[in-house]
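Open the model in your viewer and keep the selection tool at hand. This tour says what to select next and what is there.

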Amino acid sequence: MLFVSLSNSIHALDKSASPGEELLGQFEFRIELPPWVAEFLGRGPQVFATEEERMRLAIALARENVERQTGGPFGAAVFDEEGRLVAPGVNVVVTSNCSILHAEMVAIALAQKKLARYDIGDEGRSHYALVASTEPCAMCFGAIPWSGVTRLVCGARDEDARRIGFDEGPKLSDWHKALQKRGIRVTRDVLREEAVAVLDLYAGLGGPIYNAGRHG
Ligand SMILES: [Zn+2]
(Lines give C-alpha, C1' and ligand atoms only; values in the text may rest on other atoms or scores of the structure.)
Protein backbone atom coordinates (compact mmCIF):
# COMPACT_ATOMS: atom_id res chain seq x y z
CA MET A 1 0.00 0.00 0.00
CA LEU A 2 1.54 3.25 -1.08
CA PHE A 3 -0.30 5.57 1.18
CA VAL A 4 -0.61 6.33 4.82
CA SER A 5 -3.66 7.55 6.64
CA LEU A 6 -2.84 9.51 9.75
CA SER A 7 -6.24 9.50 11.34
CA ASN A 8 -8.62 7.05 12.85
CA SER A 9 -10.48 5.29 10.10
CA ILE A 10 -13.60 7.37 10.33
CA HIS A 11 -16.02 7.18 7.46
CA ALA A 12 -17.51 10.64 7.22
CA LEU A 13 -20.14 9.51 4.77
CA ASP A 14 -21.27 6.60 6.89
CA LYS A 15 -24.88 7.38 7.74
CA SER A 16 -24.48 5.70 11.11
CA ALA A 17 -21.57 7.96 12.10
CA SER A 18 -22.26 10.35 14.95
CA PRO A 19 -21.88 14.12 14.34
CA GLY A 20 -18.59 13.97 16.24
CA GLU A 21 -17.28 11.21 14.02
CA GLU A 22 -18.32 13.11 10.93
CA LEU A 23 -16.37 16.12 12.20
CA LEU A 24 -13.30 13.98 12.82
CA GLY A 25 -13.62 12.59 9.31
CA GLN A 26 -13.21 16.09 7.92
CA PHE A 27 -9.78 16.24 9.50
CA GLU A 28 -8.50 13.03 8.02
CA PHE A 29 -4.96 13.43 6.74
CA ARG A 30 -3.74 11.09 4.11
CA ILE A 31 -0.52 11.00 2.12
CA GLU A 32 -1.04 9.46 -1.25
CA LEU A 33 1.62 8.93 -3.87
CA PRO A 34 0.68 9.53 -7.52
CA PRO A 35 -0.68 6.33 -9.08
CA TRP A 36 2.26 5.95 -11.48
CA VAL A 37 4.75 5.38 -8.64
CA ALA A 38 3.75 1.76 -7.95
CA GLU A 39 4.08 0.75 -11.59
CA PHE A 40 7.32 2.71 -11.94
CA LEU A 41 8.92 1.00 -8.95
CA GLY A 42 7.66 -2.39 -10.07
CA ARG A 43 9.71 -2.07 -13.25
CA GLY A 44 12.99 -1.45 -11.40
CA PRO A 45 15.18 -3.30 -8.93
CA GLN A 46 14.27 -3.63 -5.27
CA VAL A 47 17.87 -3.44 -4.06
CA PHE A 48 20.14 -0.51 -4.91
CA ALA A 49 23.73 -1.50 -4.21
CA THR A 50 25.53 1.82 -4.59
CA GLU A 51 24.94 5.37 -3.50
CA GLU A 52 24.69 6.43 -7.14
CA GLU A 53 22.02 3.84 -7.86
CA ARG A 54 19.98 5.08 -4.89
CA MET A 55 20.35 8.66 -6.02
CA ARG A 56 19.45 7.70 -9.56
CA LEU A 57 16.14 6.40 -8.24
CA ALA A 58 15.45 9.62 -6.30
CA ILE A 59 16.22 11.69 -9.41
CA ALA A 60 14.11 9.41 -11.62
CA LEU A 61 11.17 9.85 -9.24
CA ALA A 62 11.63 13.63 -9.43
CA ARG A 63 11.79 13.53 -13.24
CA GLU A 64 8.70 11.33 -13.57
CA ASN A 65 6.85 13.64 -11.18
CA VAL A 66 7.62 16.58 -13.45
CA GLU A 67 6.90 14.81 -16.73
CA ARG A 68 3.61 13.42 -15.46
CA GLN A 69 2.72 16.79 -13.88
CA THR A 70 1.94 15.29 -10.49
CA GLY A 71 4.07 17.66 -8.39
CA GLY A 72 7.29 19.55 -7.92
CA PRO A 73 10.74 18.51 -9.22
CA PHE A 74 11.83 16.65 -6.13
CA GLY A 75 12.20 12.95 -5.33
CA ALA A 76 13.47 11.06 -2.30
CA ALA A 77 13.64 7.58 -0.86
CA VAL A 78 14.54 5.78 2.35
CA PHE A 79 16.84 2.76 2.08
CA ASP A 80 18.04 0.22 4.60
CA GLU A 81 21.71 -0.66 5.06
CA GLU A 82 21.63 -3.28 2.32
CA GLY A 83 20.19 -0.75 -0.14
CA ARG A 84 16.67 -2.15 -0.11
CA LEU A 85 14.06 0.45 -0.86
CA VAL A 86 11.91 1.04 2.22
CA ALA A 87 9.80 3.93 0.96
CA PRO A 88 9.75 6.36 -1.95
CA GLY A 89 8.70 9.99 -1.87
CA VAL A 90 7.82 12.65 -4.40
CA ASN A 91 6.75 16.21 -3.89
CA VAL A 92 2.94 16.44 -3.90
CA VAL A 93 2.44 19.90 -2.37
CA VAL A 94 0.25 21.30 -5.14
CA THR A 95 -1.68 18.14 -6.02
CA SER A 96 -2.42 17.42 -2.34
CA ASN A 97 -2.96 21.03 -1.25
CA CYS A 98 -0.51 20.47 1.56
CA SER A 99 2.64 22.54 2.08
CA ILE A 100 4.44 19.93 4.18
CA LEU A 101 4.39 17.20 1.55
CA HIS A 102 7.92 17.64 0.26
CA ALA A 103 9.51 14.49 -1.18
CA GLU A 104 11.63 13.94 1.95
CA MET A 105 8.64 14.28 4.28
CA VAL A 106 6.62 11.85 2.19
CA ALA A 107 9.44 9.26 2.14
CA ILE A 108 10.01 9.62 5.89
CA ALA A 109 6.30 9.29 6.74
CA LEU A 110 5.82 6.27 4.47
CA ALA A 111 8.94 4.59 5.87
CA GLN A 112 7.71 5.14 9.42
CA LYS A 113 4.33 3.70 8.53
CA LYS A 114 5.86 0.69 6.80
CA LEU A 115 8.25 0.00 9.67
CA ALA A 116 5.48 0.72 12.19
CA ARG A 117 7.62 3.03 14.30
CA TYR A 118 8.15 6.76 14.50
CA ASP A 119 11.89 6.26 14.97
CA ILE A 120 13.12 4.78 11.71
CA GLY A 121 16.45 3.94 13.34
CA ASP A 122 14.76 2.07 16.20
CA GLU A 123 16.80 3.81 18.93
CA GLY A 124 20.08 3.25 17.13
CA ARG A 125 19.56 -0.45 16.46
CA SER A 126 19.19 0.06 12.71
CA HIS A 127 20.64 2.40 10.14
CA TYR A 128 18.63 3.89 7.34
CA ALA A 129 19.49 6.49 4.73
CA LEU A 130 17.37 9.25 3.30
CA VAL A 131 18.39 9.98 -0.29
CA ALA A 132 17.02 13.22 -1.73
CA SER A 133 17.33 14.66 -5.23
CA THR A 134 17.90 18.13 -3.73
CA GLU A 135 19.30 19.27 -0.39
CA PRO A 136 16.66 19.73 2.31
CA CYS A 137 14.76 22.97 2.83
CA ALA A 138 14.43 24.43 6.33
CA MET A 139 11.40 22.23 7.11
CA CYS A 140 12.95 18.98 5.93
CA PHE A 141 16.25 19.85 7.62
CA GLY A 142 14.29 20.19 10.86
CA ALA A 143 12.42 16.93 10.32
CA ILE A 144 15.45 14.76 9.56
CA PRO A 145 16.83 14.43 13.12
CA TRP A 146 13.36 13.50 14.46
CA SER A 147 12.92 10.83 11.79
CA GLY A 148 15.64 8.51 13.07
CA VAL A 149 17.60 8.21 9.81
CA THR A 150 21.37 8.20 10.30
CA ARG A 151 22.42 9.12 6.81
CA LEU A 152 21.46 11.81 4.31
CA VAL A 153 22.55 11.76 0.67
CA CYS A 154 21.80 14.79 -1.51
CA GLY A 155 21.96 15.49 -5.24
CA ALA A 156 21.35 19.11 -6.21
CA ARG A 157 22.36 21.87 -3.81
CA ASP A 158 19.83 24.15 -2.24
CA GLU A 159 21.19 27.06 -4.26
CA ASP A 160 20.19 25.09 -7.36
CA ALA A 161 16.58 25.05 -6.12
CA ARG A 162 16.77 28.74 -5.17
CA ARG A 163 18.07 29.57 -8.62
CA ILE A 164 14.80 28.45 -10.23
CA GLY A 165 12.77 30.31 -7.61
CA PHE A 166 12.11 27.90 -4.74
CA ASP A 167 12.33 29.31 -1.23
CA GLU A 168 14.41 26.92 0.86
CA GLY A 169 13.68 28.81 4.07
CA PRO A 170 15.87 30.09 6.90
CA LYS A 171 18.40 27.28 7.15
CA LEU A 172 21.68 27.27 9.03
CA SER A 173 24.58 27.95 6.65
CA ASP A 174 26.38 24.96 8.15
CA TRP A 175 23.25 22.78 8.25
CA HIS A 176 25.16 19.67 7.16
CA LYS A 177 27.57 20.05 10.06
CA ALA A 178 24.62 20.46 12.44
CA LEU A 179 23.20 17.14 11.22
CA GLN A 180 26.59 15.46 11.49
CA LYS A 181 26.87 16.63 15.10
CA ARG A 182 23.66 14.72 15.72
CA GLY A 183 25.15 11.57 14.25
CA ILE A 184 23.64 11.91 10.78
CA ARG A 185 26.27 11.44 8.09
CA VAL A 186 25.73 13.78 5.14
CA THR A 187 26.98 13.30 1.59
CA ARG A 188 26.42 16.08 -0.93
CA ASP A 189 26.67 16.51 -4.72
CA VAL A 190 25.88 12.92 -5.67
CA LEU A 191 24.88 13.07 -9.36
CA ARG A 192 24.31 16.78 -8.84
CA GLU A 193 24.22 17.60 -12.54
CA GLU A 194 21.51 15.00 -13.23
CA ALA A 195 19.49 16.34 -10.32
CA VAL A 196 19.89 19.94 -11.50
CA ALA A 197 18.71 18.91 -14.97
CA VAL A 198 15.34 17.95 -13.45
CA LEU A 199 15.05 21.34 -11.74
CA ASP A 200 15.81 23.03 -15.05
CA LEU A 201 13.29 20.83 -16.87
CA TYR A 202 10.60 21.91 -14.40
CA ALA A 203 11.51 25.59 -14.74
CA GLY A 204 11.56 25.28 -18.53
CA LEU A 205 8.06 23.79 -18.53
CA GLY A 206 6.81 26.68 -16.38
CA GLY A 207 5.92 24.50 -13.38
CA PRO A 208 4.40 26.35 -10.41
CA ILE A 209 6.80 27.75 -7.81
CA TYR A 210 4.64 27.37 -4.72
CA ASN A 211 6.20 29.62 -2.10
CA ALA A 212 3.22 30.44 0.08
CA GLY A 213 3.83 33.45 2.30
CA ARG A 214 6.18 35.10 -0.16
CA HIS A 215 4.48 37.58 -2.40
CA GLY A 216 6.35 39.56 -4.95
ZN1 LIG B 1 11.63 20.33 2.12
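Axes here are lines fitted to C-alpha atoms, for helices over the stretch in contact, and angles run from 0 to 180 degrees between N-to-C directions. Helices (H or I, at least four residues) and strands (E, at least two) are DSSP runs, numbered from the N terminus. The model is predicted, and local features need pLDDT of at least 70, side-chain atom pairs count only at pLDDT 80 or more, while totals for chains, interfaces and linings use all residues. Residues are numbered from 1 along each chain as its sequence is written.

**The whole chain**

Start with everything selected. The chain has 9 helices and 7 strands. Buried residues are 37% of its 216 residues. A residue is buried if 20 or more other C-beta atoms lie within 10 Å of its own, exposed if 12 or fewer, and partly exposed in between, with C-beta atoms placed from the backbone. Two residues are in contact if their C-beta atoms, placed in that way, lie within 7 Å. Among contacts with a separation of 6 or more, 64% join residues 24 or more positions apart.

**H3 and H9**

Select H3 (51-67) and H9 (192-204). The axes of H3 and H9 are 10 Å apart, and the angle between them is about 10°. On the H3 side, show Ile-59, Ala-62, Arg-63 and Val-66; on the H9 side, show Glu-194, Ala-195, Val-198, Leu-201 and Tyr-202. These contact residues divide into 7 nonpolar, no polar and 2 charged. In this count Ala, Val, Leu, Ile, Met, Phe, Trp, Tyr, Cys and Pro are nonpolar, Asp, Glu, Lys and Arg are charged, and the others, Gly among them, are polar.

**H5 and H6**

Next select H5 (residues 103-115) and H6 (residues 138-147), whose axes come within 10 Å and cross at roughly 15°. H5 and H6 are therefore roughly parallel to each other. Their crossing is left-handed, meaning that the near helix is turned anticlockwise from the far one by less than a right angle (clockwise would be right-handed). Show Glu-104, Met-105 and Ile-108 in H5, which meet Cys-140, Ala-143 and Ser-147 in H6. The residues of this contact are 4 nonpolar, 1 polar and 1 charged.

**The largest nonpolar core**

A nonpolar core is a set of buried Ala, Val, Leu, Ile, Met, Phe, Trp, Tyr and Cys residues joined through C-beta atoms within 7 Å. Which members of the largest nonpolar core touch the most other members? They are Ala-58, Ala-77, Val-78, Val-106, Ala-107, Leu-130 and Val-131, out of 56 residues. At least two core residues each come from several elements, including E3 (75-80), E4 (85-90), E5 (128-134) and E6 (151-156). H5 gives the largest share, 8 residues.

Zoom in on Val-106. Apart from neighbours within four places in sequence, Val-106 is in contact with Ile-31, Gly-89, Val-90, Val-92 and Leu-101. Then move to Ala-109, also in helix H5. Ala-109 counts as buried because it has 22 C-beta neighbours inside 10 Å. Draw a line from its C-alpha atom to that of Val-78, 31 residues away along the chain: the separation is 10.0 Å.

Select Val-93, in helix H4 (residues 93-96). Is Val-93 buried or exposed? Val-93 has 20 C-beta neighbours inside 10 Å, so it counts as buried. Beyond four places in sequence, the residues that Val-93 touches include Gly-71, Gly-72, Leu-101 and Tyr-210.

Now go to Asn-97, in the loop between H4 and H5. Most residues other than glycine have a negative phi. Phi of Asn-97 is positive, near 50°. Asn-97 is exposed, with 8 other C-beta atoms within 10 Å.

Asp-122 lies in the loop between H5 and E5. Asp-122 has a positive phi of about 55°, although it is not a glycine. With 12 other C-beta atoms within 10 Å, Asp-122 is exposed.

End at Arg-185, in strand E7 (residues 185-187). Arg-185 has 14 C-beta neighbours inside 10 Å and therefore counts as partly exposed. Leaving aside neighbours within four places in sequence, Arg-185 is in contact with Thr-150, Arg-151 and Gln-180.

Note on methods: Angles under 35 degrees count as roughly parallel, over 145 as roughly antiparallel, 65 to 115 as roughly perpendicular and the rest as oblique.
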